[in-house]
Amino acid sequence: MGYSKEIYAKAFKFIADTKKAKERAYEASLDELRKQNEGFRNIEIRLSKLGAELVTTAISGNTQRLTQIKAECELVNSEKNRILRSAGIEKPDFYCKNCEDSGYFNGELCSCVKDVAKKFAFQELSASLPLNDCSFDSFDLNYYPDTEGADGTNPRKRAAAILNLCRKFANDFPCCVRSLLFMGDAGLGKTHLSLSLVRELSAKGYGVVYGSAQNLFGAAEKEHFSFSGNTTAEESLLGCDLLVIDDLGTEFYSAFTASLFYNVINSRLLSGKPTVINTNLSLDELEKRYSERIVSRFIGGYDMKKFIGSDIRQIKALEK
Ligand SMILES: [Zn+2]
């Protein structure tokens, strides 16, 4: 799962905080019991004396007395447990029995951390994106003209085919899916479909990074030139399970972003991590703005789909 460092840190903190809260509640109920139950107080004092005697007796080598103390400890302990049970006080159990709340199991990140990270990642994405508005089901094909254009292409059939491709992408992910390059004018549903992919895949627990080219590259550039040694933004671009770059071509262009962009596209293709890119630019314009080698990566490794039709945002605005 390719989540950011922050998400994993938040997940570890959540598990540690949950453990601490349980322990605090347990200690508080013990304190309450001590106040109310003199028998319990005496048992605790008795146990602490027996503990001290156990140590000195063990050192002295008096095995007969040692056996006696151990037997008494057992008796007093079982009385203590009886009182605890009748007061309904239980030792706090672990948040996760597998890793006993360490976060690591069999030398690997435990599934409890991954589950919590998944929840946080989805919460964060849902809070920052209109995910509820965007789903495959709410992608309305009726907004696309059902007539053939001058080049013989039917916009509705084209949109239906892209919708099917996206559904298949979400189903098959991460195996056997090719990266996607959505092209076409603004208001034709590119963002709607890519947000639907974000929604489907983050709900399945994949680490999804979504943002406009300006925001994603801007964050990495800022980090790079801050000399903080932090490379979280760049690592997220390279390491997340699915990267969705919206509005490619509208970002502030610099030599740094151009080289970062190529590195991201190339590395993700090499490591088999899918990327979805939306742009209003044509291939020629992309080549002019970035480079021929970027466009050749698109041609070699991406399914390129051009949206056609009329601006849906304008149609919706007119309908209102
Ligand atoms: Zn665990």
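The crossing of helix 2 and helix 3 is left-handed in this predicted model. Helix 2 covers residues 38-60 and helix 3 covers residues 63-86, and the two pack with an angle of about 155 degrees between them. Since angles over 145 degrees count as roughly antiparallel, helix 2 and helix 3 are therefore roughly antiparallel to each other. Among the residues that helix 2 brings to this contact are Phe 40, Ile 43, Leu 47, Leu 50 and Leu 54, while helix 3 contributes, among others, Leu 66, Ile 69, Cys 73, Val 76 and Ile 83.

| Helix pair | Angle | Axis separation |
|---|---|---|
| Helix 2 and helix 3 | about 155 degrees | 10 Å |
| Helix 5 and helix 6 | about 20 degrees | 10 Å |
| Helix 1 and helix 4 | about 115 degrees | 8 Å |

For helix 5, residues 155-172, the angle of about 20 degrees with helix 6 makes helix 5 roughly parallel to helix 6. The crossing of helix 5 and helix 6 is right-handed, and Ile 162, Leu 163, Cys 166, Phe 169 and Ala 170 of helix 5 meet Leu 193, Ser 196, Leu 197, Glu 200 and Leu 201 of helix 6. This contact of helix 5 with helix 6 holds eight nonpolar residues, one polar residue and one charged residue.

Helix 1, residues 5-36, packs with helix 4, residues 111-128, and the crossing of these two helices is also right-handed. On the side of helix 1 the contact is made by Ile 7, Tyr 8, Lys 10, Ala 11, Phe 12, Phe 14 and Ile 15, and on the side of helix 4 by Cys 112, Val 113, Val 116, Ala 117, Phe 120 and Ala 121. The classes here are twelve nonpolar, no polar and one charged.

The model also contains an open sheet, in which five strands lie in the order 4-5-6-3-7 with parallel pairing. Strand 4, residues 208-212, and strand 7, residues 302-306, are the edge strands, each pairing on one side only. Neighbouring strands of the sheet are turned against each other by 10 degrees on average, direction ignored. Within the sheet, strand 3 (residues 179-183) and strand 6 (residues 275-279) pair in the parallel sense over four bridges, and Phe 182 stands opposite Asn 278 in strand 6. Helix 6, residues 190-203, packs on the sheet and touches strand 3, strand 4, strand 5 (242-248) and strand 6, with its direction at about 160 degrees to that of strand 5.

Two details of the backbone concern loops. Most residues other than glycine have a negative phi, and most peptide bonds are trans. The peptide bond from Phe 173 to Pro 174, however, is cis, with omega near 0 degrees, and Pro 174 is found in the loop between helix 5 and strand 3. Glu 100, in the loop between helix 3 and strand 1 (104-105), has a positive phi, near 50 degrees.

At the level of the whole chain, the domain assignment gives domain 1 as 7-86 and domain 2 as 129-319. The centres of domain 1 and domain 2, taken over C-alpha atoms, are separated by 59 Å.

Definitions and conventions: Residues numbered from 1 in each chain as written. Predicted model: local features only at pLDDT ≥ 70, side-chain atom pairs only at ≥ 80, totals over all residues. Pairing = 2+ DSSP bridges. Axes fitted to C-alpha atoms, helices over the stretch in contact; angles between N-to-C directions. Contact = placed C-beta atoms within 7 Å. Parallel < 35°, antiparallel > 145°, perpendicular 65-115°, else oblique. Left-handed = near helix turned anticlockwise from the far one by under 90°. Nonpolar A, V, L, I, M, F, W, Y, C, P; charged D, E, K, R; others polar. Domains from an automatic or database assignment.
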